[in-house]
Amino acid sequence: MKTSDFYYNLPEELIAQTPVEPRDSSRLLVYDRKTGRIEHRHFYDITDYLGPDDVLVVNNTKVIPARIYGVGDATGCRVEFLLHKRINLTEWKVLCKPAKKAKTGSVFSFGDKLSCEIVSTGEMGERTVRFSFDGVFEQRLAEVGQTPLPPYIHEKLADGTRYQTVYAKHDGSCAAPTAGLHFTPELMEKVRAGGTEIIEVLLHVGLGTFRPVQVESVEEHKMHSEFWQISETAAKALNDAISAKKRIISVGTTSVRVLESAIKEDGTYEAGCGETSIFIYPPYKSKAVDALITNFHLPESTLIMLVSAFCGREQTLAVYNEAVKEKYRFFSFGDAMLIL
């Protein structure tokens with residue numbers, strides 16, 4: 001299977017630059033895999049498709065101010081650092097731009113209270129760095145860091161919380177689990193009031209989710225690992241839902257990757273955490289998810305490949321072409337799709 005098999009033509013004006021207000025007023029394309037039927041709704045209508053026999057699984061990761069700009073102590077050059085994976089208390093995996101300026105042993109300062117040394121170099125601008133700081137690292141990062149919006153968003157974000165879900169709890173992501181951005185606190189309560197249980201899992205979004213596929217053959221693409229966690233509470237809730245034969249609806253592709261990575265051979269879950277580099281593409285058959293809420297993703301990305309595994313490549317591209325025709329808004333701040 002070729003990467004180009006997942007290409008579709010997207011007019012640039014359909015790439016959403018700003019989020020809609022309120023969050024749940026975004027459009028919702030509903031696609032039924034059994035009938036092939038497409039409905040055009042709004043996200044606040046999501047409760048029309050949910051009930052007591054359903055559970056929603058959400059990713060409660062929180063985006064950190066992961067984009068920082070450092071000045072080389074020896075050269076005075078300015079380099080952008082994107083923190084994408086924590087290794088320990090002081091070391092991180094980062095992406096540097098321009099990478100040629102960030103050589104092993106180089107030291108960069110981010111103001112008076114935070115600096116880093118390049119420990120080792122990797123491919124495509126990746127570096128391992130060791131930070132030195134006064135006080136608490138998270139506080140220093142908050143003082144100098146910026147919300148790491150994707151490169152296709154050119155508008156400045158007036159409110160940084162709009163790149164966080166309303167249920168975000170655990171710091172660690174360099175990109176938002178964007179399917180969850182459509183939920184408001186009021187809509188979450190309406191979902192619960194309708195009898196649908198909401199189960200929280202965790203996957204810190206990093207390179208595995210957003211790094212582009214740069215090989216011709218899909219099978220040759222290697223995913224970077226990302227940290228996931230399922231709590232005792234979440235594991236019990238998932239197992240109870242499975243026993244009750246409830247429909248498991250994943251909010252976002254990152255929640256899918258947690259569920260598909262952590263499910264055991266007997267079809268149950270236990271509390272735990274780990275690293276996943278699972279790569280889901282056709283003809284992968286889901287073992288854990290019955291329905292999916294997701295945004296519209298970039299052409300030739302691992303995300304559209306995951307969606308294609310869930311409802312078929314040709315069907316996915318047909319739905320995407322319908323969304324283009326109907327002028328849906330695409331990508332992180334765009335509209336949503338419910339796949340039944």
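Nine of the 10 residues of helix α5 (residues 253-262) are buried, so this helix is largely enclosed by the rest of the structure. The buried ones are Thr253, Thr254, Ser255, Val256, Arg257, Val258, Leu259, Glu260 and Ala262. Keep in mind that this is a predicted model.

## The whole chain

The chain holds seven helices and 17 strands. Its radius of gyration is 20 Å, close to the 20 Å that the globule rule gives for 340 residues, so the chain is as compact as a globular protein of that length. Along the principal axes, the C-alpha trace spans about 65 × 45 × 40 Å.

How much of the chain is buried? Buried residues account for 53% of the 340 residues. The accessible surface comes to about 15,500 Å². Carbon and sulfur atoms own 49% of that surface.

Contacts reach along the sequence too. Take the contacts between residues at least 6 apart in sequence: 71% of them join residues at least 24 apart.

## The nine-stranded sheet

Strands of a sheet pair through backbone hydrogen bonds, either parallel or antiparallel. Here, an open sheet of nine strands has mixed pairing. Its order is β2-β1-β17-β16-β14-β3-β12-β13-β15. Which strands stand at the edges? They are β2 (38-42) and β15 (272-276). Each has a single partner strand, so one side of each is left without a neighbour in the sheet. On average, neighbouring strands are turned by 25° against each other, direction ignored.

| Strands | Sense | Bridges |
|---|---|---|
| β3 and β12 | parallel | five bridges |
| β12 and β13 | antiparallel | two bridges |
| β13 and β15 | antiparallel | five bridges |

Val57 has Ile199 in β12 as its bridge partner. Leu203 stands opposite Trp228 in β13. Glu226 stands opposite Thr276 in β15.

Strand β12 (residues 197-203) is mostly covered, with five of its seven residues buried.

Helix α7 (residues 313-325) lies across β1, β2, β16 and β17. Its direction is at about 150° to β1.

## The nonpolar cores

In soluble globular proteins, nonpolar side chains tend to be buried together. The largest nonpolar core in this model has 66 residues. Ile230, Tyr269 and Phe330 have the most contacts inside this core. Helix α6 (residues 302-311) gives the most to the core, with seven residues. A second, separate core has 24 residues, including Ile68, Phe108, Leu141 and Cys174.

Now look at Phe330. Leaving aside its neighbours within four places in sequence, Phe330 is in contact with Tyr8, Leu10, Leu14, Ile15, Ala16, Phe296, Tyr320, Ala323 and Val324.

Tyr8 lies in the segment before β1. Is Tyr8 buried or exposed? At 3% relative accessibility, under the 20% cut-off, Tyr8 counts as buried. Beyond its neighbours within four places in sequence, Tyr8 is in contact with His297, Leu298, Pro299, Ile304, Leu317, Tyr320, Asn321, Phe330 and Phe331. Tyr8 and Lys113 are 105 residues apart in sequence, and their C-alpha atoms are 46 Å apart in space.

Asn60 sits in the loop between β3 (54-59) and β4 (61-63). Asn60 is buried, with a relative accessible area of 5%. What is Asn60 in contact with, leaving aside its neighbours within four places in sequence? The partners are Tyr167, Ala168, Lys169, His170, Glu200, Val201 and Leu202.

Leu95 is found in strand β7 (residues 91-97). The relative accessible area of Leu95 is 16%, and Leu95 is buried. Leaving aside neighbours within four places in sequence, Leu95 is in contact with Glu80, Phe81, Leu82, His84, Met124, Gly125, Glu126, Leu207 and Arg211. The C-alpha atoms of Leu95 and Thr128 are separated by 8.7 Å, although the two residues are 33 residues apart along the chain.

Methods:
Residues are numbered from 1 along each chain as its sequence is written. This is a predicted model: local features need pLDDT of at least 70, side-chain atom pairs count only at pLDDT 80 or more; totals for chains, interfaces and linings use all residues. Side-chain values use heavy atoms; hydrogens and water are left out. A nonpolar core is a set of buried Ala, Val, Leu, Ile, Met, Phe, Trp, Tyr and Cys residues joined through side-chain atoms within 4.5 Å. Buried means under 20% relative accessible area, exposed over 50%, partly exposed in between (1.4 Å probe, protein chains only). Helices (H or I, at least four residues) and strands (E, at least two) are DSSP runs, numbered from the N terminus. Contact means heavy atoms within 4.5 Å. Two strands pair if DSSP finds at least two bridges between them. Axes are lines fitted to C-alpha atoms, for helices over the stretch in contact, and angles run from 0 to 180 degrees between N-to-C directions. The radius of gyration is taken over C-alpha atoms; the globule rule is 2.2 Å times the number of residues to the power 0.38. Accessible areas come from the Shrake-Rupley method with a 1.4 Å probe; for residues, only the protein chains shown count as cover.
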